[in-house]
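Subject: The structure I promised you

Hi,

Here is the structure we talked about, with the sequence alongside. Have it open while you read, and turn it around as you go.

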Amino acid sequence: MNTSFGQKLKELRTENGLTQLKAAEIFNVSKTTICQWETGRQEASFDDLVKIAVYFNVSTDYLLGLED
């Protein structure tokens, strides 16, 4: 994944009023992992990508920057 995933994740998270800590709790990862996803330093697993898409009611293609 690239920074567009991280940008989209951060945008969705902030639009929904979630802190990195709350998002970490929801997706069962560490706050550091959320930060690394948002900055592009780490890639989300397929399972995490699906969890994020379902939670925010968006497609995985949207998260990956393949569709608007």
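This is a predicted model: local features need pLDDT of at least 70, side-chain atom pairs count only at pLDDT 80 or more; totals for chains, interfaces and linings use all residues.

Let's begin with α2, which covers residues 20-27. Which of its residues are buried? They are Gln-20, Ala-23, Ala-24 and Phe-27. These residues cover an arc of only 105° around the axis, so they sit on the same side of α2.

Now look at α3, residues 31-39. Its buried residues are Thr-33, Ile-34, Trp-37 and Glu-38.

How do the two helices sit against each other? In general, two packed helices are described by the angle between their axes and the distance between the axes. For α2 and α3, the angle is about 105° and the axes are 8 Å apart. That angle makes α2 roughly perpendicular to α3.

If you want to see the contact yourself, show these side chains: Gln-20, Leu-21, Ala-23, Ala-24 and Phe-27 from α2, which meet Lys-31, Ile-34, Cys-35 and Glu-38 from α3. By type, the residues of this contact divide into six nonpolar, one polar and two charged.

Two residues of α2 are worth a click:

- Gln-20 is in helix α2 and counts as buried, at 17% relative accessibility. Leaving out residues up to four places away in sequence, Gln-20 touches Arg-13, Lys-31, Ile-34, Cys-35 and Glu-38.
- Leu-21 is also found in α2, but is partly exposed, with a relative accessible area of 48%. Its C-alpha atom is separated by 15 Å from that of Thr-39, which is 18 residues apart from Leu-21 along the chain.

**Salt bridges**

Side chains of opposite charge can pair when their charged atoms come close. How many salt bridges does a search of the whole structure find? It finds three.

One of them joins Arg-13 and Glu-38, with the closest N and O atoms 2.6 Å apart. This pair links distant parts of the chain: Arg-13 belongs to helix α1 (residues 3-15) and Glu-38 to helix α3, 25 residues apart.

Another salt bridge is formed by Lys-22 and Glu-25, whose closest N and O atoms are 3.8 Å apart. Both residues lie in α2, three residues apart, which is about one turn of the helix. Lys-22 counts as partly exposed, at 41% relative accessibility.

Then there is Asp-48 with Lys-51, where the closest N and O atoms are 3.9 Å apart. These two are in helix α4 (residues 46-56), and because they are three residues apart, about one helical turn separates them. Asp-48 is buried, with a relative accessible area of 14%, whereas Lys-51 is partly exposed at 41%.

**What comes after the helices**

Finally, check the backbone where some of the helices stop. After α2 comes Asn-28, whose phi is positive, near 55°. Asn-28 is found in the loop between α2 and α3, and it is exposed, with a relative accessible area of 67%.

α3 is followed by Gly-40, and there phi is positive as well, near 80°. Asn-28, by contrast, is a residue other than glycine that has a positive phi.

Asn-57 is another such case: its phi is near 55°, a positive value in a residue other than glycine. You will find Asn-57 in the loop between α4 and α5 (60-63). At 72% relative accessibility, Asn-57 counts as exposed.

If you get lost, go back to Glu-38: this residue is on the buried list of α3, takes part in the contact with α2 and forms the salt bridge with Arg-13.

How values were computed: Residues are numbered from 1 along each chain as its sequence is written. Side-chain values use heavy atoms; hydrogens and water are left out. Buried means under 20% relative accessible area, exposed over 50%, partly exposed in between (1.4 Å probe, protein chains only). Helices (H or I, at least four residues) and strands (E, at least two) are DSSP runs, numbered from the N terminus. A salt bridge is a side-chain nitrogen of Lys or Arg within 4 Å of a carboxyl oxygen of Asp or Glu. The arc is that of the directions from the helix axis to the C-beta atoms. Axes are lines fitted to C-alpha atoms, for helices over the stretch in contact, and angles run from 0 to 180 degrees between N-to-C directions. Angles under 35 degrees count as roughly parallel, over 145 as roughly antiparallel, 65 to 115 as roughly perpendicular and the rest as oblique. Contact means heavy atoms within 4.5 Å. Ala, Val, Leu, Ile, Met, Phe, Trp, Tyr, Cys and Pro count as nonpolar, Asp, Glu, Lys and Arg as charged, and the others, Gly among them, as polar.
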